[in-house]
Amino acid sequence: MDFLFFALLILDLVIITGVMGAPPNQRFDENYVVSWGNDHAKLTNEGRDLELSMDHSSGSGFISKLSYGTGLFQMRIKLPAGGCAGVVTAFYLFSSTSKHDELDFEFLGNKKGKPITLQTNVFSNGQGNREQRVILWFDPTADFHNYQILWNEHQIVFFVDDVPIRVFKNNTNVGVKYPSQAMKVDASLWNGEDWATDGGKTKIDWSLSPFRVHFQGFNIDGCSATTLYQNRNRSSTASTGRDCYSSAYWWNAEKYRNLTHKQQEQYENVRAHYMNYDYCSDRNRYPVQPPECRSNM
């Protein structure tokens, strides 16, 4: 009985730390490969730290070896310091389909002394244009911070150091497509000067290059999948032999179907004090508010 109690306690701690706290610092090559700009990617600390750099010749990026259907996807990131206007650091999930699903963290560089903007976006069945932007409450260039995407059948939550900054609920009941395709995890450092800073008015100052971003924490808590939920049913199979919406995966448990009371308070605080753009409030783009907006607030 004592052994059973101890085992259950350990399991509960594993579940809790899956969302709370930084990811284990696994080796990069366990789950990822460099996808482009190989000569601008540098591994250190026995493969547990990765630096991507960008100069006038190229940026760089990496991608997960597998695709995933649900899970918790997180990365510890330290952004480029100094003037990095026009420079974009991205951490996102993406399906390689014509009408793709995508879940984005995009860090929009700025002039020295100006804050870096964190933009999130959600694509489902090829439909995006759901940008939200926040100004972070810390300097993301001074140290590593943990950026997380929780994805299950009921909600998608974007976290920064365990603080929820965005929620996208499953609103298929009102005709809103919900991300359901198998996605790979991508990250990159690239030239976004055409749009990223001041709407593209402020360009990259190449005299400040190379720009460098650092990554840690390369574990993935996800349901790896080959064919996933075609026609939005559960007849497809995951490579593990379990449905990616199965309660056998901790992130699908009932406790992760909604924010906790504390998380809801944190989320409302972020929206009130740090959000500076929400597509749901942009009446020029959307004279009629998109139907998912009300339930995601």
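The link of Cys280 and Cys293 is left-handed, with -85 degrees about the S-S bond. Cys280 sits in the loop between strand 16 (275-278) and helix 3 (293-296), and Cys293 in helix 3, so the pair ties together parts that are 13 residues apart in sequence. Their S to S distance is 2.0 Å; a disulfide here is a pair of cysteine sulfur atoms within 2.5 Å. Helices (H or I, at least four residues) and strands (E, at least two) are DSSP runs, numbered from the N terminus.

A word on the source: this is a predicted model, where local features need pLDDT of at least 70 and side-chain atom pairs count only at pLDDT 80 or more, while totals for chains, interfaces and linings use all residues. Residues are numbered from 1 along each chain as its sequence is written, and side-chain values use heavy atoms, with hydrogens and water left out.

Both Cys280 and Cys293 are buried. Buried means under 20% relative accessible area, exposed means over 50%, and partly exposed is in between, with a 1.4 Å probe and protein chains only.

How many disulfides does a search of the whole structure find? It finds 2. The other pair is Cys223 and Cys244, with sulfur atoms 2.0 Å apart. The link of Cys223 and Cys244 is left-handed, at -70 degrees about the S-S bond. This pair links distant parts of the chain, 21 residues apart: Cys223 is in strand 15 (residues 221-224), and Cys244 is in the loop between strand 15 and helix 2 (261-273). Cys223 has a relative accessible area of 0%, and Cys244 is buried at 1%. Counting bonded cysteines along the chain, the pattern is 1-2, 3-4. Cys84 is also buried, at 3% relative accessibility.

Next, the annotated residues. Under "active site", an unreviewed UniProt entry lists Glu102 and Glu106. UniProt positions are in the numbering used here, feature names are shortened, and annotations may be inferred rather than shown by experiment.

Glu102 is in strand 7 (residues 102-108), and Glu106 is in strand 7 too. Are they buried or exposed? Glu102 is buried because its relative accessible area is 11%, and Glu106 is buried at 13%.

Contact means heavy atoms within 4.5 Å. Leaving aside neighbours within four places in sequence, the contacts of Glu102 include Tyr92, Phe94, Asn121 and Met183. With residues up to four places away not counted, Glu106 touches Val88, Thr117, Trp190 and Trp195, among others.

Finally, the side chains of Glu102 and His100 are joined by a polar contact of 2.9 Å. A polar contact is a pair of N or O atoms within 3.5 Å; within protein, one must be able to donate a hydrogen and the other to accept it, and residues adjacent in sequence count only if both atoms are side-chain atoms.
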